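Colleague: Please put the model up, and then we can go through it by question and answer.

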Amino acid sequence: MQPQPVTANVPLFETINVSKAFGGFKALSDISFSVRADEFVSIVGPNGAGKTTLVNVVTGLLRPTSGEVRFLGRDISGVGPVELARLGMSRAFQLVNIFPALTVRETLAVAIASRLRRASNPFRSLKRDGVLQADAERVADVLGLRSKLDKVASTLSQGEKKLLDIASAFALNPAVILLDEPTSGVSTADKHVIMEVLVEAARAAGIRAIVQVEHDMDLVERYSHRIVALQGGSLLADMAPRAFFADPAMIAAVVGTRAKL
Amino acid sequence: MTELLDVILGGTFHAAVLFLVAAGLQLVFGVQKIVNLACGSFYALGAYFGITAVGAAIKLGMPPALFLPLLVVAGLLVGLVGLPIERVLRTVYRRDESYQLLITFGFLLMFQDTFRYLWGATPRTMDNVYLAYGTAHFLGIRVPTYNLLVIAASLAIAAILGLFLERTRTGRIVRATAENRDMAEGLGVNASKVFALVFTVGCMLGTVGGALVVPSSAASLDMAVDLVVESFAVVVIGGLGSMRGALVGALIVGLMRALAISLMPEMEMLSVYLVVVAVLILRPAGLFGKAAV
Amino acid sequence: MSHSSIEIAPPATLRRTMSLNGIGVLLALIVVMALLPFVASPYVLLLMLPFVGYGIALLGFNLLFGTTGLLSFGHALFLGVGAYTAAVFTSKLSILSFEIILVVSALLSGLIALLIGALCVRYTKIFFGMLTLAFGMLFHSFLYKFYAVTGGDQGMRVLRPLLLGMEWRGGKTAFLTGPFYYYTLVLFAGMGLAMWRITQSPFGLHLRAIRENAGKAAYVGVEIFRMRLSAFVISAIYGGIGGVILAVTTGLADPELAYWTHSGNLVFMAVLGGSGTFAGPAIGALAFVMLQDFVMAITQYWRFVMGGILVLLVVFMPRGLAGTVELLLSRRGREA
């Protein structure tokens with residue numbers, strides 16, 4: 001499956017009336033939204049609103065009970081992580097997810113080797129693969145990890161590990177990248193640094209859209225083009241930050257609904 | 001028809017013993033997430049020790065009717081060997097599972113030679129116990145009373161185990177530790193003691209099983225490994241971590257083996273291996289288990 | 001999970017030199033062995049031959065265990081396949097060409113691995129270990145019980161093969177310590193080089209990624225099932241060839257080759273030498289062969305001793321001999 005070219009009119013991905021039920025429990029009800037090129041979309045909502053489920057459905061990990069998920073016009077329900085990566089969407093996780101004993105360079109090389117289909121021939125050389133190595137350096141550069149290329153992943157700081165996790169998602173040259181709370185576990189001072197690095201890196205890497213699940217409303221307000229708010233599995237809002245933050249009911253629903261529950 | 005009943009009862013007898021071992025495995029796995037590759041060695045240990053115990057009892061003139069309880073007691077006693085072994089296993093609890101497999105494999109090797117040293121390389125049998133209990137009429141056929149008693153004993157042990165886990169305070173603590181070790185420790189539970197207890201009980205179930213089975217079959221060096229595969233089959237069929245699964249799985253394996261023995265003896269162990277493969281293909285999680293690892 | 005890889009993987013500072021060390025150590029070892037016939041007695045040389053057989057099998061085993069993180073307890077199955085192939089070809093089919101036997105063993109082992117692996121590699125850790133144990137014992141059962149085909153517990157004879165089409169007309173010891181010795185060393189070197197290439201390739205990197213964090217690996221596009229299965233098949237091929245060498249050395253293919261303790265020995269050798277290094281397992285094979293020879297001479301309860309050593313190894317020295325040496329060297333390197 002070759003990734004289709006990105007055109008301005010076709011949404012990069014969209015969900016069409018997606019619902020997901022686990023037995024009797026309805027996690028998602030009739031969610032429709034789309035993401036177009038050059039957008040930064042934040043998915044927000046209180047705990048239990050269905051954010052993670054939505055991301056799992058959108059990334060093909062779960063099949064929707066009803067409705068469709070389309071990536072560049074193609075149905076991707078339940079494709080699974082490997083195929084997803086091939087299609088041009090990659091994902092970074094909330095909890096730091098690394099290869100502890102591999103170096104930064106090797107970690108990036110894993111993703112690049114998948115992308116370039118290098119793993120089918122067991123006798124190729126890894127070190128002498130100029131294209132692959134150059135690409136690894138490029139991605140490391142873009143995320144500020146150049147100086148750490150030969151460090152073993154487990155010896156990195158928490159923030160660096162986060163960046164590495166995101167970098168390996170970048171290394172797949174995706175059209176869309178999904179970030180699950182990219183700044184969680186990072187100190188407030190570093191949060192903005194990471195976001196700046198992220199946005200700039202995405203631009204430099206040619207990523208067309210970023211979707212993030214995020215709790216920190218300051219970051220959401222500052223960086224998003226659009227906010228998709230979920231509550232109790234339903235779509236509460238899909239609007240620009242200015243409109244969203246102008247509406248106190250919206251803020252209360254997303255941030256302060258615990259009292260109501 | 002009588003042949004079929006014979007096979008069924010024979011299979012149930014074997015299942016009763018197998019259940020004890022499988023229950024031990026499930027208990028240890030459920031609480032400690034450890035798979036004891038040496039579980040078969042405990043079974044064999046119980047068998048060999050049972051023979052020694054009965055031999056000594058005969059010399060001391062003990063009435064044969066007491067042989068069954070004696071075997072149970074012998075099994076329980078020798079199961080205490082689990083305590084020092086658990087102590088060593090502690091070093092690899094938090095490490096990757098490969099290490100558990102490696103260590104318990106090392107124990108397996110050590111046990112093999114221990115058996116060879118203490119009891120010799122040829123299989124040992126115990127003939128008098130069956131004679132002591134005679135036969136009974138059951139469902140129209142003659143059946144060794146011993147077999148029926150063992151089935152009853154096994155069910156009793158299962159019940160006691162179940163009650164212990166569900167109704168007693170210690171049992172609740174054990175279950176809590178199984179669910180979440182760190183949280184249990186946070187609530188003041190001494191997880192190390194719980195683990196030691198659980199592991200030892202698990203071993204005892206194995207040794208008692210071995211002790212009970214030995215009157216009907218021989219104690220041999222091959223027992224230890226054959227049993228690892230058999231109990232694995234039980235766990236696969238029943239589902240990892242489920243006591244109910246251990247019961248049903250044991251029944252299925254026991255009956256299957258009995259069938260194989262009566263129809264085509266060379267296929268005895270082969271049939272067990274084949275069932276394992278079949279179940280894994282058709283229903284990987286087992287009948288009562290959660291998703292396979 | 002992350003703990004294990006840190007313990008068995010090479011320390012960071014030594015990584016650059018590792019790329020020379022791995023294959024370099026192995027080749028150096030082979031060169032030393034090539035010079036042995038000038039100084040050592042035939043007894044020692046005969047002891048070296050099983051080491052070569054095991055060494056090759058272990059190169060394959062460690063691709064599965066050290067690199068991909070899958071611990072198989074039934075790997076001796078493939079040793080058995082190789083051995084019995086040699087037996088059937090030489091004594092039943094009168095095909096004595098060593099090259100043909102090697103190729104057929106490789107193909108057969110690979111095919112069996114493809115079938116078994118398709119089931120086994122879907123599972124990890126415990127289930128994989130026990131599944132492979134079950135298959136190994138299944139094969140052993142088959143070899144043991146089907147007397148008419150396999151010779152049962154008597155085994156099947158393996159006649160002297162033709163090396164490169166040439167027949168050796170001398171004595172058995174002279175054959176084994178002469179032309180066969182050098183042939184297998186060349187084979188060892190060649191297969192070692194091939195395995196080195198494999199581990200240093202993107203394919204090898206993907207395998208390591210699977211070992212480190214299979215979940216994440218999938219998300220960066222690693223085809224987990226396919227990679228694991230490939231590793232399984234390659235390791236089986238190496239096992240089959242190792243088995244051929246063992247069988248020709250002893251002149252007999254017997255069911256005990258597939259027994260679980262034999263699989264366990266392979267695991268032991270890998271851990272003893274150090275599964276986190278390239279040459280470690282081969283060193284472990286050498287150490288094991290010599291250790292077992294030594295222990296067997298002292299006591300008949302060598303299994304007890306070996307079992308005890310394994311337990312001590314896992315508790316105190318999980319990196320094995322080569323791995324620990326490497327760790328010590330890297331520490332010295334950092335202080336220097």
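Modeller: A definition comes before the helix pair: axes are lines fitted to C-alpha atoms, for helices over the stretch in contact, and angles run from 0 to 180 degrees between N-to-C directions. This is a predicted model, in which local features need pLDDT of at least 70, side-chain atom pairs count only at pLDDT 80 or more, and totals for chains, interfaces and linings use all residues. Residues are numbered from 1 along each chain as its sequence is written, with chains lettered from A and ligands numbered from 1 in the order in which they are written.

Colleague: At what angle do the axes of helix H2 and helix H10 of chain B cross?

Modeller: Helices are DSSP runs of H or I with at least four residues, strands are runs of E with at least two, and both are numbered from the N terminus. H2(B) covers residues 39–60 and H10(B) residues 191–213. Their axes come within 6 Å, and the crossing angle is roughly 45 degrees.

Colleague: Are H2(B) and H10(B) parallel, perpendicular or oblique to each other?

Modeller: Angles under 35 degrees count as roughly parallel, over 145 as roughly antiparallel, 65 to 115 as roughly perpendicular and the rest as oblique. The angle here is roughly 45 degrees, and therefore H2(B) and H10(B) are oblique.

Colleague: Which class makes up 11 residues of the contact of H2(B) with H10(B)?

Modeller: Two residues are in contact if their C-beta atoms, placed from the backbone, lie within 7 Å. Phe42(B) and Leu45(B) are among those on the H2(B) side, and Val208(B) is one of those in H10(B). Ala, Val, Leu, Ile, Met, Phe, Trp, Tyr, Cys and Pro count as nonpolar, Asp, Glu, Lys and Arg as charged, and the others, Gly among them, as polar. With 6 polar and no charged residues there, the class with 11 is nonpolar.

Colleague: Which helix gives the most to the side of chain C that touches chain B?

Modeller: In this interface 34 residues of chain C are in contact with 36 residues of chain B. H1 (2–8), H6 (125–145), H13 (260–273) and H15 (302–316) of chain C each supply at least two residues. The one that gives the most, with 12 residues, is H6(C).

Colleague: How many charged residues are on the side of chain A that touches chain C?

Modeller: The contact takes 33 residues from chain A and 25 from chain C. H3(A) gives the most on the chain A side, with 7 residues. Beside 18 nonpolar and 7 polar residues, the charged ones number 8.
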